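Dear colleague,

Please find below the structure that I am handing over to you. A summary of the findings follows it.

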Amino acid sequence: MDWVERTAQLRQWTRRGTRAPHKPLLFLYALSRFQQDADGELRYSAVEEDLRRLLAEYGPGNRTTPAYPFHHLVSDGVWEVRTERGPGSPGTGVGELRATGAAGRLTPELRAALRRDPSLLGRMTRVLLDLNFPPSLHGELCEAVGLELEEAETGQLSAARRRRDRRMREMVLTAYEYRCAFCGYDGSIGAVPVGLEAAHVRWWAFDGPDDVENGLCLCSLHHKLFDKGVLGLGEGHRILVSQSFVGRSTAARDHVIALAGRPVIGPQPGTRPVAADHRSWHTGQVFHGSPRPTTTA
Ligand SMILES: [Zn+2]
């Protein structure tokens with residue numbers, strides 16, 4: 001059985017450019033849960049909300065229920081569902097899935113293969129991401145399902161390694177009330193925020209904790225510029241803009257240069273702002289050169 005091949009074939013359920021990411025999303029979620037607990041079962045009623053959110057954020061515009069992939073992924077030979085009555089899925093009825101205590105997990109053959117070959121999980125994840133989503137979403141998708149891509153790709157599933165906290169994004173976005181801390185951008189599609197990200201001030205790879213004190217809610221543009229050292233955080237939680245940054249257009253002036261010296265928006269009262277040591281780590285290690293003087297407007 002070539003599991004990578006089989007993973008690639010999930011995509012064939014799409015017809016002529018129609019996107020059907022339901023199964024890939026459930027599969028990514030299931031692989032992530034395998035990484036955390038190899039034999040654990042996912043009870044439908046316990047994961048329904050997680051899956052609903054994933055579908056709302058990364059699925060197509062039309063409404064779908066998580067029950068659809070939960071039942072249909074069985075036919076691909078990578079996932080099995082059982083109920084309190086025994087093996088087999090009761091179908092795509094949400095009420096039925098809940099009432100029968102339906103629970104799913106990767107098939108025993110796939111679990112055995114993943115145990116035999118520590119690099120398999122990473123390769124399957126890559127294929128799922130590459131064939132179903134644009135590269136710009138790969139990182140946040142892994143974060144959203146709680147998957148450790150690096151760990152999966154090196155095949156080192158050591159318990160001693162730090163785990164990312166799946167709640168980080170939610171905590172930070174809530175603390176900043178779903179607004180970019182630099183520009184105030186607050187877009188959403190319905191109730192789902194779009195173009196808003198939880199940025200680590202001190203990078204996770206450099207011992208930055210998954211904590212509100214180390215996070216900022218930023219729009220995609222400001223997150224990128226913050227990680228590239230164009231933007232930083234100065235004394236009194238004021239925004240720094242690097243003198244190395246050049247932009248002559250009105251857009252560059254309005255969205256970047258004009259931020260120099262402005263106070264960060266948020267977090268809401270009762271929530272801890274970015275800690276001073278994380279702030280100074282970013283200024284010393286990431287921020288480019290010296291800050292522009294505050295613009296007096
Ligand atoms: Zn912004």
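Predicted model: local features only at pLDDT ≥ 70, side-chain atom pairs only at ≥ 80, totals over all residues.

Residues are numbered from 1 along each chain as its sequence is written, and side-chain values use heavy atoms, leaving out hydrogens and water.

The protein chain contains 13 helices and 10 strands; these are DSSP runs numbered from the N terminus, with at least four residues of H or I for a helix and at least two of E for a strand. Its C-alpha trace spans about 70 × 40 × 40 Å along the principal axes. Of the 297 residues, 44% are buried (under 20% relative accessible area; exposed is over 50% and partly exposed lies in between, with a 1.4 Å probe and protein chains only).

The zinc ion is held by Cys180 (SG), Cys183 (SG), Cys219 (SG) and His222 (ND1), at 2.0 to 2.3 Å. Donors here are N, O and S atoms within 2.8 Å of the metal (3.2 Å for Na, K and Ca), and water is not among the atoms, so sites may look incomplete. The angles among the four donor atoms run from 96 to 119°, and the site is tetrahedral (four donors with all angles between 85 and 135 degrees). Along the chain the donors have the spacing C-x2-C-x35-C-x2-H. Cys180 belongs to the loop between helix H10 (168-175) and strand S5 (188-189), and Cys219 to strand S8 (residues 215-219), so the pair ties together parts 39 residues apart in sequence. Both Cys180 and Cys219 are buried.

In H10 the buried residues are Met168, Val172, Leu173 and Ala175. Seen down the axis of H10, they fall within an arc of 160° and therefore line one face of the helix; the arc is that of the directions from the helix axis to the C-beta atoms. They pack against strand S6 (192-193), S7 and S8, where contact means heavy atoms within 4.5 Å.

There are six aromatic pairs (ring centres of Phe, Tyr or Trp, the last by its six-membered ring, within 6.5 Å; planes under 30 degrees apart are stacked, over 60 edge-to-face and the rest tilted). Phe206 and Trp281 form a tilted pair, 5.8 Å centre to centre with 35° between the planes. Phe206 is partly exposed at 45% relative accessible area, whereas Trp281 is buried at 12%.

With kind regards

Conventions:
Tetrahedral: all angles 85-135°; square planar, octahedral: opposite > 155°, others 65-115°.
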